[in-house]
Amino acid sequence: MAFEERLGEIAALVENRLAALLGQDALGATPPVLGAAMRHAVLGGGKRFRPFLVIEGAHVLGLPDTAALDAACAVECLHCYSLVHDDLPAMDNDEVRRGQPTVWKAFDEATGILAGDALLTFAFELLARPLTHADAAVRAALVLGLAEAGGSAGMVGGQVLDLASEKGDATSLHTLDGVSTIQRMKTGALIRFSVEAGAILAGAVPERRRALRAYGEALGAAFQIADDLLDAEGDASATGKAVGKDAAAGKATFVTVLGVEGARARLAELNAEARASLAPFGEEAHHLAAAIDFVSNRRG
């Protein structure tokens, strides 16, 4: 199966499961407007790349796709919460996401904040459910891993540093080390955990878990460089969101630090690192290997 076909297969699987999990009946006493905002934030868009990494990470270790599905949906809910909050006026002030109005534009700012809060909480509820994995110790490891990736030393902390880089007084962030730290926390932590979650679900031996973690770290850095290049050179009609905002805001990015050609050279180095990390898995990891090229060459 070709990579794009496999990505689409997993995206459809995740989309259907998310639609069931976030249906108004499934959400119980959730106020209808909040449920609608949550569905607006999550359904009907996106490539489901992080869920793909969860499911494919488990697949290379012998688990069927359905065994990793709810964990993958939990990661996507947390990812979508972060997008909802990133788009708010106090953050990136974006009005378009995935080609449609952002949640705060489609509803209002307060509903956007609360929909993000609800999705964040729901992600951990999903991981804690026995349906996600029969072993409570595995569920606990998933909860801990996602909390670390999404918390103050991960995605949230990275967002704080990203905003600080715009103010112009945090000059240490406008260096390669500074940008790498922002990336490792804001973007890379969740991508790394997505791959590692498959290893947790499969009960992988330490060596294989470390290999997937190393792959996820390199892939996360590559993803951010590709994102920075898209903002610098991309087309809004292809990306589904505004472009050219990083430079206008004065953000510290790989492009502002290294230049376009330097960023491309670093991207090639990371691609090689990610590919080398997959060596222990052989041909079983061909979709994860193809994901490296997908990240590097994406246009949206």
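Predicted model: local features only at pLDDT ≥ 70, side-chain atom pairs only at ≥ 80, totals over all residues.
Let's start with two helices that lie side by side: H13 (residues 254–277) and H14 (residues 286–297) pack at an angle of about 165°, with their axes 9 Å apart. With any angle over 145 degrees counting as roughly antiparallel, H13 is therefore roughly antiparallel to H14. The way these two cross is right-handed. On the H13 side, the contact is made by Leu-267, Asn-271, Ala-274 and Arg-275, and on the H14 side by Ala-289, Ile-292, Asp-293 and Ser-296.

Now for a second pair. Helix H3 covers residues 49–59 and helix H9 covers residues 176–202; they pack at an angle of about 30°, and their axes are 7 Å apart. Angles under 35 degrees count as roughly parallel, so H3 and H9 are roughly parallel to each other. H3 makes a right-handed crossing as it passes H9. H3 brings Arg-50, Leu-53, Val-54, Gly-57 and Ala-58 to the contact, while H9 brings Leu-190, Ile-191, Ser-194, Val-195, Ala-197, Gly-198 and Leu-201. In this contact, eight residues are nonpolar, three are polar and one is charged.

Here are the two pairs in one place:

| Helix pair | Angle | Distance between axes |
|---|---|---|
| H13 and H14 | about 165° | 9 Å |
| H3 and H9 | about 30° | 7 Å |

How many of the 11 residues of H3 are buried? The count is 10, so H3 is largely enclosed by the rest of the structure. The buried residues are Phe-49, Arg-50, Pro-51, Phe-52, Leu-53, Val-54, Ile-55, Glu-56, Gly-57 and Ala-58. And what do they pack against? The neighbours of these buried H3 residues are helix H1 (3–21), helix H4 (69–86), H9, helix H10 (206–233) and H14.

On to the cysteines. The count of disulfides comes to zero. Cys-77 is in no disulfide, and the nearest cysteine sulfur, that of Cys-80, is 6.7 Å away.

Finally, two single residues. Leu-131 sits in the loop between helix H6 (109–128) and helix H7 (136–150). Is Leu-131 buried or exposed? With a relative accessible area of 72%, Leu-131 is exposed. Leu-131 and Asp-70 are 61 residues apart along the chain, and their C-alpha atoms are separated by 7.8 Å.

Thr-181 belongs to helix H9, the helix that packs with H3. Its relative accessible area is 25%, so Thr-181 is partly exposed. Thr-181 and Leu-69 are 112 residues apart along the chain, with 30 Å between their C-alpha atoms.

How values were computed:
Residues numbered from 1 in each chain as written. Heavy atoms only, no water. Axes fitted to C-alpha atoms, helices over the stretch in contact; angles between N-to-C directions. Helix = DSSP H or I, 4+ residues; strand = E, 2+ residues; numbered from the N terminus. Parallel < 35°, antiparallel > 145°, perpendicular 65-115°, else oblique. Left-handed = near helix turned anticlockwise from the far one by under 90°. Contact = heavy atoms within 4.5 Å. Nonpolar A, V, L, I, M, F, W, Y, C, P; charged D, E, K, R; others polar. Disulfide = S-S within 2.5 Å. Buried < 20%, exposed > 50% of the residue type's maximum accessible area, 1.4 Å probe, protein only.
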